[in-house]
Amino acid sequence: MNSMLKLLAFAVAVAALPACQSPAPPNLPKSTLPPPPKKDLRIVALGLGTQNYTCGAETEAPKSVGAVAQLYDVTALVSIPIFGDWEAEYLTCNANHANTNYGQRKIGVHYFDAEGTPTFDLTTGTRSVEHRGGLFLSAAKKASADAPDKACPGRNGAPAVPWLLLEDKKNGKTRGLSQVYRVNTVGGTAPETCRGQKKSFTVDYAAEYWFYT
Ligand SMILES: *[C@@H]1O[C@H](CO)[C@@H](O)[C@H](O)[C@H]1NC(C)=O
């Protein structure tokens, strides 16, 4: 086909697309984590923040003491079919390196509560009105998988933190959610030893959090 004909064929194909077809739900990136339940994908968030560590003696390994991250709604972005698998990696990589929050679509915050429980509060963001009345997950780690070799390293070269599956801890705090997957991670891991580290320090990371109801 010559290029003029190709162009024409493309134009015809685009014109034939239904006008407002809502995109199919995106697929969770593949890993060795247990597959998502038959429940609904509620929201995909970009998490942008830090993993926190404390240090003792020089020869010791840093101890993980939690994390804090702002959460931004990227559901529409990861739902664009042509982006597929690679788009998500690009998204978190770019977020970590350029501190891109994708237009202030903030939907909440991820932190560790006073008991050290990983917590996702989706009621505090500028878009939280869309999630009125719920979407809070007090979670417990269920499964972990090493980030893939091709994972984007963090700004300072730190390897990517593992991918995780966390589930409702069933402590009565959760509303509207039952599971979250942390995938497409970038950076966040601590150096192997405490040599040259402060007593407490943070490492920037980015990840996608896929929330299921
Ligand atoms: C992690 O570090 C940040 C930045 O210093 C801090 O705001 C946050 O409270 C810390 N969280 C934990 C669980 O240590």
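**Reading a predicted protein model with its ligand**

Asn52, Val65, Val68 and Thr202 surround the ligand, a residue being counted as near a molecule or strand if one of its heavy atoms lies within 4 Å of it. This is a predicted model, in which local features need pLDDT of at least 70 and side-chain atom pairs count only at pLDDT 80 or more, while totals for chains, interfaces and linings use all residues. Residues are numbered from 1 along each chain as its sequence is written, and side-chain values use heavy atoms, with hydrogens and water left out.

User: Which side chain has an N or O atom 2.3 Å from an oxygen atom of the ligand?

Analyst: A polar contact is a pair of N or O atoms within 3.5 Å; within protein, one must be able to donate a hydrogen and the other to accept it, and residues adjacent in sequence count only if both atoms are side-chain atoms. Here the side chain is that of Asn52, with an N or O atom 2.3 Å from a ligand oxygen.

User: How many helices and strands does the protein chain have, and in what pattern?

Analyst: Helices (H or I, at least four residues) and strands (E, at least two) are DSSP runs, numbered from the N terminus. The protein chain has three helices and eight strands, and along the sequence they follow the pattern α-β-β-α-α-β-β-β-β-β-β.

User: What do burial and contacts say about the chain as a whole?

Analyst: Buried means under 20% relative accessible area, exposed over 50%, and partly exposed in between, with a 1.4 Å probe and protein chains only. Of the 213 residues, 43% count as buried, and the chain exposes about 11,800 Å², of which carbon and sulfur atoms supply 56%. Contact means heavy atoms within 4.5 Å, and among the contacts with a separation of 6 or more, 69% are between residues 24 or more positions apart.

User: How do I follow the pairing of strands, and which strands does S4 pair with?

Analyst: Two strands pair if DSSP finds at least two bridges between them. Strand S3 (residues 106-112) runs antiparallel to S4 and is joined to it by four bridges, with Tyr111 opposite Thr119 in S4. S4 also pairs with strand S5 (residues 136-145) in the antiparallel sense, over three bridges, and there Asp121 has Phe136 as its bridge partner. Further along, S5 and S6 are antiparallel and joined by six bridges, with Ala139 opposite Asp168 in S6. S6 in turn pairs with S7 over four bridges, again in the antiparallel sense, and Leu164 stands opposite Arg182.

User: Which residues of S4 point one way, and which the other?

Analyst: In strand S4 (residues 118-121), Pro118 and Phe120 point one way, Thr119 and Asp121 point the other way, and all are buried.

User: What is there to see in the loop between S3 and S4?

Analyst: The hairpin of S3 and S4 has five residues between the strands, and Gly116 in this hairpin takes a positive phi near 80°. Asp113 lies in the loop between S3 and S4, and Asp113 counts as buried because its relative accessible area is 16%. Leaving aside residues up to four places away in sequence, Asp113 touches Thr119 and Lys173, and a polar contact of 3.4 Å joins the side chains of Asp113 and Lys173.

User: Which residues other than glycine have a positive phi?

Analyst: Lys170 is one of them, with a phi of about 60°, and Asn184 has a positive phi near 45°. Lys170 is in the loop between S6 and strand S7 (179-187) and is exposed, with a relative accessible area of 72%. Asn184 lies in strand S7 and counts as buried, at 4% relative accessibility.

User: Where is Pro148, and how far is its C-alpha atom from that of Asn184?

Analyst: Pro148 is in the loop between S5 and strand S6 (163-168), and is partly exposed because its relative accessible area is 29%. The C-alpha atoms of Pro148 and Asn184 are separated by 8.6 Å, the two residues being 36 residues apart along the chain.

Technical notes
Accessible areas come from the Shrake-Rupley method with a 1.4 Å probe; for residues, only the protein chains shown count as cover.
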